[in-house]
Amino acid sequence: MTTINRLIQDESGATAIEYGLIAGLVSVAIIAALTALGTSLSDLFSSISSTVSSAASGS
């Protein structure tokens, strides 16, 4: 019975799970931000590429 009471009162496992959930949420936020940033960077490089191509063919 003492062992069961100790396991019930031990919160280290709950803390580890909370840290795991926080790390998961942070990683989802980072992935979402990089996905949005990747699209805008792709558009920027396409614009730069077309500008350089038109400048090169014009000279």
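Analyst: The radius of gyration is taken over C-alpha atoms, and the globule rule is 2.2 Å times the number of residues to the power 0.38. The model is predicted, and for its 59 residues a compact globule would have a radius of gyration near 10 Å, whereas the protein has 26 Å.

User: What are the spans of the C-alpha trace along its principal axes?

Analyst: Along those axes the C-alpha trace of the protein spans about 85 × 10 × 10 Å. The secondary structure comes to two helices and zero strands, and helix H2 covers residues 12-58, with isoleucine 22 in it.

User: How do you know how far apart residues of the chain are placed, for instance serine 49 and isoleucine 4?

Analyst: The C-alpha atoms of serine 49 and isoleucine 4, which are 45 residues apart along the chain, are separated by 67 Å. For glycine 58 and glutamate 18, 40 residues apart, the C-alpha separation is 60 Å, and for serine 57 and serine 40, 17 residues apart, the value is 26 Å.

User: Why is serine 57 called exposed?

Analyst: Exposed requires over 50% relative accessible area, and serine 57 has 62%, so serine 57 is exposed. Serine 57 is found in helix H2, and its side chain reaches the backbone oxygen of serine 54 at 3.2 Å. Since a polar contact has a limit of 3.5 Å, that distance falls within the cut-off.

User: Which label does serine 49 receive, and why?

Analyst: The label partly exposed applies between the 20% limit for buried and the 50% limit for exposed; serine 49 has a relative accessible area of 41%, and is therefore partly exposed. Serine 49, too, is found in helix H2.

User: And what makes glycine 58 count as exposed?

Analyst: Glycine 58, which lies in helix H2, has 65% relative accessibility and therefore counts as exposed, the cut-off being over 50%.

User: What percentage of the residues is buried?

Analyst: Buried means under 20% relative accessible area, and buried residues make up 0% of the 59 residues in the protein. The protein exposes about 5100 Å², of which carbon and sulfur atoms supply 70%.

User: What makes up the nonpolar surface patch?

Analyst: The patch, of about 1100 Å², is made by Tyr19, Ile22, Val26, Ile30, Leu34, Leu37, Leu41, Leu44, Phe45, Ile48 and Val52. Membership requires over 30% relative accessible area and no salt bridge, with nonpolar side chains joined within 5 Å.

Methods:
Residues are numbered from 1 along each chain as its sequence is written. This is a predicted model: local features need pLDDT of at least 70, side-chain atom pairs count only at pLDDT 80 or more; totals for chains, interfaces and linings use all residues. Side-chain values use heavy atoms; hydrogens and water are left out. Helices (H or I, at least four residues) and strands (E, at least two) are DSSP runs, numbered from the N terminus. Buried means under 20% relative accessible area, exposed over 50%, partly exposed in between (1.4 Å probe, protein chains only). Accessible areas come from the Shrake-Rupley method with a 1.4 Å probe; for residues, only the protein chains shown count as cover. Patches are made of residues with over 30% relative accessible area and no salt bridge: like charges are joined within 9 Å, nonpolar side chains (Val, Leu, Ile, Met, Phe, Trp, Tyr) within 5 Å. A salt bridge is a side-chain nitrogen of Lys or Arg within 4 Å of a carboxyl oxygen of Asp or Glu. A polar contact is a pair of N or O atoms within 3.5 Å; within protein, one must be able to donate a hydrogen and the other to accept it, and residues adjacent in sequence count only if both atoms are side-chain atoms.
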